[in-house]
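Please read the numbered points alongside the sequence and the coordinates.

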Amino acid sequence: MAKLYFKYGAMGSSKTATALITKYNYEERGMKVWLIKPAADSRDGQFTLKSRIGLSSECEAISADKDIRTLYHAREKADVIIVDECQFMTTAQIDQLRELVDREDLPVLCFGLRTDFQTKLFPGSMRLFELADSITEIKTICDCGRKATTNARISPEGYVVTEGDQVFLGGNDSYIAMCHKCYQDYILQHRKVELLHGSERDLT
Ligand SMILES: [Zn+2]
């Protein structure tokens, strides 16, 4: 029986690279992969998905109002669906993926973040925790050495942001993965974050 997989991690845990390597492994065995990602805005269609370590692949962007079952049945048959940035899928779209797993015996592998910059679940991630057959964590570490579990939004001035929209399109903020203790310390002590290495990244 096919399964619905949720592979979650914090920012910078190489989720996109892992998704692209997984795609390659399926294709090496002669299987057809449908690689999809939620569209950041209403524009959907083909685009190139790039990971920070240089891997890239053609990907289809799906806007929030689309039914994934309809799109799946209208295209060339796939053996597996791989979803990047699955936290931005709507609750309804995760339900549609679950239905494809059950009705089409089609494995669906979802890669994404667990929580937003306020440590709250994204809607897509919440639904995956509720429905996935297999849940695994892709780990990355905080600068202090602990496991990173939060995705701190950093203002252009270098401070951890605690208020704002869950998805802040067009903002100048960046994101950095931290353990919860460091995240709290930066907020409580109003300390500036030193972005020493290239781990900051645009969430969109
Ligand atoms: Zn830490």
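1. Throughout this note a residue is called buried when its relative accessible area is under 20%, exposed when it is over 50%, and partly exposed in between, with a 1.4 Å probe and protein chains only. By that rule Glu 99, at 33% relative accessibility, counts as partly exposed, and of the 204 residues of the protein 46% count as buried.

2. The model is predicted, and for that reason local features need pLDDT of at least 70 and side-chain atom pairs count only at pLDDT 80 or more, whereas totals for chains, interfaces and linings use all residues. Residues are numbered from 1 along each chain as its sequence is written, and side-chain values use heavy atoms, with hydrogens and water left out.

3. On overall dimensions, the radius of gyration (taken over C-alpha atoms) can be set against the globule rule, which is 2.2 Å times the number of residues to the power 0.38. For 204 residues a compact globule would have a value near 17 Å, and the protein, with 17 Å, agrees with it. The C-alpha trace spans about 55 × 30 × 30 Å along its principal axes. The accessible area, from the Shrake-Rupley method with a 1.4 Å probe and, for residues, with only the protein chains shown as cover, comes to about 10,400 Å², of which carbon and sulfur atoms supply 48%.

4. Taking helices (H or I, at least four residues) and strands (E, at least two) as DSSP runs numbered from the N terminus, the protein has five helices and 10 strands. If contact means heavy atoms within 4.5 Å, then among contacts with a separation of 6 or more, 72% are accounted for by residues 24 or more positions apart.

5. Two strands are said to pair if DSSP finds at least two bridges between them. Seven strands form an open sheet of mixed pairing, in the order β3-β4-β2-β5-β6-β1-β7, and its edge strands, each pairing on one side only, are β3 (45–50) and β7 (134–138). Within this sheet β2 (residues 33–38) and β4 (residues 56–62) pair in the parallel sense over three bridges, and Pro 38 stands opposite Ile 62 in β4. Helix α4 (residues 123–131) packs on the sheet, where it touches β1 (4–9), β6 (108–112) and β7, and its direction makes about 130° with that of β1; axes here are lines fitted to C-alpha atoms, for helices over the stretch in contact, and angles run from 0 to 180 degrees between N-to-C directions.

6. Another open sheet is formed by three strands in the order β9-β8-β10, with antiparallel pairing; its edge strands are β9 (160–161) and β10 (174–178), each of which pairs on one side only. Strand β8 (residues 150–154) pairs with β10 in the antiparallel sense over five bridges, and the bridge partner of Arg 153 in β10 is Tyr 175. Helix α5 (residues 180–188) lies across β8, β9 and β10, running at about 125° to β10.

7. Counting as a salt bridge any side-chain nitrogen of Lys or Arg within 4 Å of a carboxyl oxygen of Asp or Glu, the total is 10 salt bridges. In helix α5, Lys 181 and Asp 185 lie four residues apart, about one turn of the helix, and they form such a pair with the closest N and O atoms 2.9 Å apart. Lys 181 is partly exposed, at 45% relative accessibility, whereas Asp 185, at 18%, counts as buried.

8. Asp 67 is partly exposed at 22% relative accessibility, and Arg 69 is partly exposed at 26%.

9. Asp 79 is found in the loop between α2 and β5 (80–83) and, at 35% relative accessibility, counts as partly exposed. Leaving aside residues up to four places away in sequence, Asp 79 touches Gly 30, Met 31, Lys 32, Leu 106 and Pro 107. Asp 79 and Gly 164 are 85 residues apart in sequence and 40 Å apart in space, C-alpha to C-alpha.
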